[in-house]
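Please keep the sequence and the model in view while reading.

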Amino acid sequence: MVDVVLPVPSSLVMIAHGAVFGPLVGTVLSIAGSLGAALVGFALGRRGGAGLDRLVPAEQRRRADALLDRWGVLAIVVTRPVPLLAETTVILAGMSRLGWGRSALAAMVGSLPAALLYALAGSVVAEWADPVVVFALVLLLAGATWAVATLIERRGTRRNTEGVA
């Protein structure tokens, strides 16, 4: 949960959940942690203040604002697995007109795929002799998630600039 204000590698925590508790309980714990972080970020956004300028860099704020304007709660779903952008998006969602319930549901849905895959990877690492391969697969998953989120964002930005003439 502290990844909203401190850079905690949540993917490693999710892998550890799977290794220690198995894929089902590890997934549930990871979703709970990710949802908790999203709610803390949302609350920070609701509270506002000058501290947000220190927590959310201007470039991240612009990216998240553009995603929220274009996609609404879907922006929260898509950005949950993307480090830094996920936290920035929920903080800015807290500053927007989005409600707590819709934002929490979007955060939970967006957290599910990564939580499940990382927990599965962790449970495999606990049983498998070659954790290097599993680590490589986890890195591949993180890279693919980032690439998809970036592609969606670029398409939205391109459509917005094409509509302005």
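Leaving aside its neighbours within four places in sequence, with which residues is serine 111 in contact? With those neighbours set aside, serine 111 is in contact (heavy atoms within 4.5 Å) with Ile31, Ser34 and Arg80. The model is a predicted one, in which local features need pLDDT of at least 70, side-chain atom pairs count only at pLDDT 80 or more, and totals for chains, interfaces and linings use all residues. Residues are numbered from 1 along each chain as its sequence is written, and side-chain values use heavy atoms, with hydrogens and water left out.

Serine 111 belongs to helix 7, residues 100–127; helices are DSSP runs of H or I with at least four residues, numbered from the N terminus. With a relative accessible area of 2%, serine 111 is buried; buried means under 20% relative accessible area, exposed over 50%, and partly exposed in between, with a 1.4 Å probe and protein chains only. A polar atom of the serine 111 side chain lies 2.7 Å from the backbone oxygen of alanine 107.

Proline 113 also lies in helix 7, but this residue is partly exposed, at a relative accessible area of 47%. The C-alpha atoms of proline 113 and threonine 27 are separated by 9.1 Å, although the two residues are 86 apart along the chain.

The interior comes next. In soluble globular proteins, nonpolar side chains tend to be buried together. Helix 6 spans residues 85–95 and is mostly covered, with 10 of its 11 residues buried. Leucine 68, leaving aside its neighbours within four places in sequence, is in contact with Ala75, Ile76, Thr89, Leu92, Ala93 and Leu98.

Terms used:
Helices (H or I, at least four residues) and strands (E, at least two) are DSSP runs, numbered from the N terminus. A polar contact is a pair of N or O atoms within 3.5 Å; within protein, one must be able to donate a hydrogen and the other to accept it, and residues adjacent in sequence count only if both atoms are side-chain atoms.
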